[in-house]
Amino acid sequence: MNAARRRKQSLLRWFVLVPLGAFFLLPLYAMLEFTTRSADGRTAEVWTTLLDWRQIQEDYPELSAGVVYSLEQAALTAVLMLVLLVPTMVWVRLRLPWLRRPLEFLCLLPLTIPAIVLVVGLAPVYAWVTYFVGGSSLTLTFAYVVLVLPFAYRALDAGLAAIDVKTLSEAARSLGAGWGTVLWRVVLPNIRSAVLSAAFLSVALVLGEFTIAALLNRENLQVAINLLGKSSATISVAVSLVSLVLAFVLLFALSFVGGRRRSKETS
Amino acid sequence: MTAEAVADLRRDGVEVALAGLRRTFGTVHALDGLDLTLAPGELVALLGPSGCGKTTALRVLAGLEDADAGTVTVGGKDLTRVPANKRNMGMVFQAYSLFPHLTAVENVAFGLRLRKAGAAERRTRAAEALELVGLSAQADRYPHEMSGGQQQRVALARALAIRPAVLLLDEPLSALDAKVRVQLRDEIRRIQLEVGTTTLFVTHDQEEALAVADRVGVMRAGNLEQIASPEEVYARPATAFVAEFVGLSNRLPGVVAAGGTVEVLGQVLPLADADAAARGTAVTTYVRPEAVEVAVDSASPARVVAAAFLGSSSRVTVALPGGETILAQVPSAAVSELAPGTGVRVEFARTPVAVSPA
Amino acid sequence: MVPFGAYLVVFLIIPTLVVVIGAFGASPEDGGGATLENIRALGDRQVLDAFVFSISLSAASAIIGAVLGALLAYAVATAKPDGMLRRVVTSACAVLAQFGGVTLAFAFYATIGLTGFVTIYLADHFDANIYSGGVWLFELPGLTLVYTYFQIPLMLIVFLPALDGIRPQWREAAESLGGSTWQYWRLVGGPLLAPAFLGSTLLLFANAFSAYATAAALVSQGAPIVPLQIRNALTSEVLLGQENVGKALALGMVVVVAVVMWLYALLQRRTARWLG
């Protein structure tokens, strides 16, 4: 590609990026501005409050509870998703290849079923769940695993496709490894970036989930923010901003994990 | 391949001249003052390892990349500043040549469509081009329904349909199976001779280059090491690099002697380049396996180490008393006598050899 | 395999069945049993309005999001493959596409809400009251604006792989055969990307149609879109025994989304064949 075309492309790029960039950064800036308003100028009061965890627990108990619940849900969802999906996917690849299409369909199904619809159907199921395990907000994990299935499946599928699972597992088995060892010591280390990707995506999704939590009357971060918005707009806007920025940092870091693997392969 | 098809696509070849081409990427000199002229109707193969600049040279000629310095002249016209889409050159890529959403005949007619040819003319010319490459039956197939070899043939037809001034082939066979590669390269050569277009063929496979080209240019680090007919490049390599890159070579220690010769293992051989080094210099000599003759001689200290049956001929590895091993090519009929451990006498044929300072 | 299967049955299949069957079931007061009452209720003025509104909102935000998102994707695709720009933009888009809902609602409050930054800025500097014609933030124009905020990022995520699948050889072949930039896009690039673009737009439509959180956080009065109608039916704000109507609504949503996704799958196959 010659110099003239490269210059033209560069120009177009900036022509697109600048207005769109402004469009996307404006609300973020507005949020920052909003949260630092005071009677006579700027104040960082809201932000200093945010940084003091104990004060949050005092003044905004629902918020602190919501944060804690969300973090726990995120962690549990990621773990449960991995525990359920990785062995199943490996097994299907190795022993039950005819199940691959159905499995893919099932895992991508949640994409077609809007969360709002899922909630309608989950209500009676959760009545049972409450009966057996109690009404804690942590039980949302079960529903969340279903929600993250499409994204996790795609990430793990890409990872498993990149390594030759069949050959690796046969080699390990011929050397005497049991299935647990094969999974834990042979497969998992080789799909590390896919696992991390699936985990990060799950975490991002769980932290941003609102619909199911709200309609099943459970607590999580977004529900808390929404509730708080009715009483104290500034804090909720501040927390929203923080959660957006943190999620960005999380996924930005993830892009390097994947990238490092790529460069290793080409060297 | 009908006579009309060929007649319609034939054109008089033009001369192509690349002069003083330079192209630098950061600290890498992709092209380092390259001078290359192709005679009208000639097929020149650019041969070399990856990174030697052969593809860059082709792309500069095509206009897909700009050179930092130098000129490109085709048929007497200076095309250096002319954009790629005005150069009237046909190009075949290594992979992803064809447009996936068009059938074979639509692909071939693409260039004609761009030139605003009428539907009838497009149809006839495209059909002729497909017939030239032997794929008339596949006209309505899509690329993903064809094999790799077929796709490349359609790509060739597409390039020729516009009756280009120059035909550019960028490693067209590298992505194909070995057997298809051999078949297709002969076909490409045959078509090129029929149509008469000046052609530049880039490859890293030396057997390919030797088989199809009128002249072979061996490149390294942005410039030509040697450009000559295939026989000459093979038999009289100008530099050590060419001797090693093209065909197999034995590297043996020797000393330059009088009268443009070199003494190797007690035998005197003529030098390919009489002025390569001063008399008395210690050099590394490059001897081809087919120039090495072995005969059974139980009294000789040299011994057969291994023998590899390669079909029509065989290759024998011999350990010399001095510690070196040497490869010799022998007819397969003789190899049964040369079991590992047999004593053999080694002699060199008096073909000229290349040397480099030791 | 078995534990996974069991898990899916409980938390995915059963809820789906509940919705499908429930949509055809009468409420307990009316004696139970199968009925088409709930489906008929979908013909209600209010419900129809909600469907129309939902579809309009989804279509508008999908088309705007698709066009702007495609441009953004093009800008990213032509940048360095491993460079900063691509990383930053793709990560940001991954966040915004997922996060939606509550955080976005508050972001927009802060920007163009009644006391938002832009509102005040415009009032102070240009004497312009953007709400002089009524508070449009919670109606179609406002919601469309908010929805595009997560539609554009989603478009980038979904469309970028297709752009990456465009091989440079096609452009170069078109060029060496004599084509100009315009001819390349009209005859090669455009046709190749068309299925991917259409498919992505459909996906955006389905995404907007299913969205609940954003509207729930922004709209305080009434239920202009279908998901909010479902909420009302579930929480029985309006009438008791409306649960099964909620299920019918949910079924209606599933039908719309399923049709859209099926079309998307068809287009995807072509995209995968050409650009995969």
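Across the interface of chain A and chain B, zero salt bridges are found, a salt bridge being a side-chain nitrogen of Lys or Arg within 4 Å of a carboxyl oxygen of Asp or Glu. This is a predicted model, in which local features need pLDDT of at least 70 and side-chain atom pairs count only at pLDDT 80 or more, while totals for chains, interfaces and linings use all residues. Residues are numbered from 1 along each chain as its sequence is written, chains are lettered from A in the order in which they are written, and side-chain values use heavy atoms, without hydrogens and water.

Four residues of chain A and six residues of chain B form the contact, where contact means heavy atoms within 4.5 Å.

The largest nonpolar core has 208 residues, of which I212(A), L61(B) and V74(B) touch the most other members. Such a core is a set of buried Ala, Val, Leu, Ile, Met, Phe, Trp, Tyr and Cys residues joined through side-chain atoms within 4.5 Å; buried means under 20% relative accessible area, exposed over 50% and partly exposed in between (1.4 Å probe, protein chains only). Another core, of 45 residues, lies apart from it and includes M146(B) and L176(B).

| Residue | Phi | Relative accessibility |
|---|---|---|
| Y96(B) | about 55° | 42%, partly exposed |
| E171(B) | near 45° | 9%, buried |

Y96(B) lies in the loop between β6 (89-92) and α3 (104-114) of chain B, and E171(B) in the loop between β7 (166-170) and α6 (178-195) of chain B. Helices (H or I, at least four residues) and strands (E, at least two) are DSSP runs, numbered from the N terminus.
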